[in-house]
Amino acid sequence: MATLLRGVLRPLRAFPSRPRPAADVPLRATSHGAGLLYPEHIPTSPLQKALLAAGSAGMALYDPYRHDMVAVLGETTGCRTLKVLRDRMRRDPEGAQILQERPRISLSTLDLGKLRSLPEGSLGREYLRFLDVNRVSPDTRAPTRFVDDEELAYVIQRYREVHDMLHTLLGMPTNILGEIVVKWFEAVQTGLPMCILGALFGPIQLSAQSLQALVSKLIPWAVQNARRAPCVLNLYYERRWEQPLKALRQELSITEPPVHIQGPA
């Protein structure tokens, strides 16, 4: 698989390297030269996209923590679904505002001091607690490269950057079982092929005990909550930091998980 990806990406290296933009810079439809639609854009042919999709799918299934491969898979397989998500955002007042303002979630845009000063139980405080407990950073999200539309590129970038927010809303850690539960929620909510693939094939790596809990309790819970909740991409999380997490869950009709999943020690 790695050889296949190297072969596909080799001709793409002919594009001159560009400095990675700051994570707080919105993706915009401006000219970046050589037919590029946004700073990190790499134009690819349909054949290259197909090969990238096949290679990244294999690597992502082999190692679900290869976030770079998961990112490539999402970008090369999700064009039609991204258009549907974009249209859902356009029809929603809060979602349309997000598309207009293009907020980014990163260490450079987050006021960590303010989040730490928020009341216990608020969205901002609980999100920061999630990052600390699970030892993750919002800056680990790969920039979009293979989406040939700058607005759709922002939609998938936004999806990546609110992924940890969904962990917080659902009360799921970042271990394999927690990630699979979130993937089931995302698969129903977004319909993105990479989410469906992760939801279906991720359980292969689980123990028999975890698999039983997933199939009998956690999948039905995730699917029901995803169907009830409005589109989670339409939430301007940055303007809801002070909202109690419990109240936000009630607004979205998200219930407590039926099983407690132990996170990192």
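Is Leu61 buried, partly exposed or exposed? I looked this up first: Leu61 is partly exposed, at a relative accessible area of 37% (buried is under 20%, exposed over 50%, partly exposed in between, with a 1.4 Å probe and protein chains only).

I note that the model is predicted, with local features needing pLDDT of at least 70, side-chain atom pairs counting only at pLDDT 80 or more, and totals for chains, interfaces and linings using all residues. Residues are numbered from 1 along each chain as its sequence is written, and side-chain values use heavy atoms, without hydrogens and water.

**Overall fold.** I found 13 helices and zero strands (DSSP runs numbered from the N terminus: helices H or I of at least four residues, strands E of at least two). Of the 265 residues, 49% count as buried.

**Surface.** I placed Leu61 in helix 2 (residues 46–62).

**Helix packing.** I then examined helix 4 (residues 79–91) and helix 8 (residues 150–161), which pack at about 85° with their axes 9 Å apart. The two helices are therefore roughly perpendicular (65 to 115 degrees). Their contact (heavy atoms within 4.5 Å) involves Cys79, Leu82, Lys83, Leu85, Arg86, Met89 and Arg90 of helix 4, and Glu151, Leu152, Val155 and Ile156 of helix 8.

Methods. Axes fitted to C-alpha atoms, helices over the stretch in contact; angles between N-to-C directions. Parallel < 35°, antiparallel > 145°, perpendicular 65-115°, else oblique.
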